[in-house]
Structures are given as C-alpha cells and as structure tokens.
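Me: I would like to learn how to read the packing of helices and strands in a model of this kind. Could you take me through it feature by feature?

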Amino acid sequence: MSETKKAIVITGPSGSGKGNVVKKLLKRFDFFELSISATTREPGPGEMYGKDYYFISLEEFEKKIAEKAFLEYEEVYSGSFYGTPNEEIEKIAQRGKFPLFEIDVAGALRIKEILGDNVFVIFLHPGEPVIDILRERLWNRGRDSGEKIEKRLKKVPKEIEMGFRCDQIIVNQNGEFDNVIEVIAEIVESFLFEEK
Ligand code: 5GP
C-alpha cells in the first residue's frame, strides 16, 4: 500500500448499518473507492461478482492465502472466508482515491495493526438493547434465514467488546441515520484532509 497514505474502515456487527453508511459515503465523496473483498460465501439475490464481492471457491481462497494476496482475511462465520485483496488497494491508490473498507471487527482491528495511524476505524454501535435491535434489523433485511441470523448474533457481544479498540464508536440508533452520516462525514474529512 505504498502510494496510498490514508484509508477509512467502517465496521460493526451484522445489522449495525455498515452497508448503508458506506453507500452514502460513496455517493457523497468521490475521493472514496470501495475496496471489494473476496469471499467464499454464495452470492445472495442480485449480488454480482466484482461489484459486491469477488465470489471464489475455498480452493481459490486458500491459494490466495498461500500467495499472500490478502492484506487481512478472516473466517467471519464458520465455513465463510472473507479477505481484503492487496491488489484491490493498489488499484484504488493508482486511481488516486482513498480506500473505504466495509469489514468485520476482527479484520478492522487487524488493518489497524498493519496500517496504524494511516487508517481510521469507525465502529457502528446499533444502540441498546443491542441484540434485540440487531435481530429486528436482520429480520427486516430479509436476506438470511433465522438460523443464520442467530449465528450472526452469537458473535455480537465479543464484537461490541472489540469496538472499544476502534478509533471511534458511533451509535447508529434507529431514526438517527441522517445525523450519523453528518457526524461520520465530518470525521472522515478531518482525518483525510486536515494536518494533525
Ligand atoms: P456479508 O456476508 O453480510 O456480506 O458479510 C459478513 C461480514 O463479513 C460483514 O461483517 C462484512 O463486513 C465482513 N466482511 C466483508 N468483507 C470482509 C473482508 O475482506 N475481511 C473481513 N475481515 N471481513 C469482511
């Protein structure tokens, strides 16, 4: 990642609103480019190779691990691997943009370890009661089965704990989305463009 100086990570539990925040930031700021991850999970309805993820087989994923092709990777849910390709970050840097990452909390902390002060990690907290709010949002999203939702919720207490190691916790409470975006936009612009 030699050419890029700074990057932003949006992280948080499943249902915390990462996807919506990232969509808004990409629309608002043309200096960002989304880092597309590789995954071994199946594409969901409407998801496209190279737009949502690089959907690859476990065999291909393992090959990439061996080639050290990932900045970081995690088995986010048992049997489903997700990784940030180094190549993706290099391409974004070559285009003169800042990478925007939407990844899980363990991966976000790993990127923080690697990139240090060059990255700012924003953790989205869903508000209290955490599990009830996330369960409701995941059901409303309608993408995952009840079993998958419960699997995602099991990880949440640990993720909330890890959130305290991120650079900033933002509470993305129901009904507060517009305010949350304004707060994040200010943080992002100040981190990327203001001299410390
Ligand atoms: P989903 O299956 O809902 O698209 O993603 C599941 C989780 O994996 C989300 O928390 C998402 O942010 C995370 N994720 C996506 N790409 C990556 C990646 O490259 N690395 C890591 N560590 N997590 C990722």
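Reply: H1 passes H8 in a right-handed crossing, where a crossing is right-handed if the near helix is turned clockwise from the far one by less than a right angle, and left-handed if anticlockwise. This is a predicted model, in which local features need pLDDT of at least 70 and side-chain atom pairs count only at pLDDT 80 or more, while totals for chains, interfaces and linings use all residues. Residues are numbered from 1 along each chain as its sequence is written, and side-chain values use heavy atoms, with hydrogens and water left out.

Me: At what angle do the axes of H1 and H8 cross?

Reply: Axes are lines fitted to C-alpha atoms, for helices over the stretch in contact, and angles run from 0 to 180 degrees between N-to-C directions. Those of helix H1 (residues 18-28) and helix H8 (residues 177-193) cross at roughly 55° and come within 11 Å; helices (H or I, at least four residues) and strands (E, at least two) are DSSP runs, numbered from the N terminus. H1 and H8 are therefore oblique to each other, given that angles under 35 degrees count as roughly parallel, over 145 as roughly antiparallel, 65 to 115 as roughly perpendicular and the rest as oblique.

Me: Which residues of H1 and H8 make the contact?

Reply: Contact means heavy atoms within 4.5 Å. On H1 the residues are Asn20, Val21, Lys24, Leu25 and Arg28, and on H8 they are Phe177, Ile181, Glu182, Ile184 and Ala185.

Me: How do H4 and H7 pack?

Reply: The axes of helix H4 (residues 105-115) and helix H7 (residues 156-163) lie 9 Å apart at an angle of about 25°, and H4 and H7 are therefore roughly parallel to each other. Their crossing is left-handed, and the contact is made by Val105, Ala106 and Leu109 of H4 with Glu159, Met162 and Gly163 of H7.

Me: In what order do the strands of the open sheet stand?

Reply: Two strands pair if DSSP finds at least two bridges between them. Here four strands form an open sheet in the order S4-S3-S6-S5, with mixed pairing. Strand S4 (54-55) and strand S5 (70-77) stand at the edges with a single partner strand each, so one side of each is left without a neighbour in the sheet. S5 pairs with strand S6 (residues 80-85) in the antiparallel sense over six bridges, and Phe70 stands opposite Pro85 in S6. Helix H2 (residues 58-66) packs on the sheet, touching strand S3 (38-39), S5 and S6, and its direction makes about 140° with that of S5.
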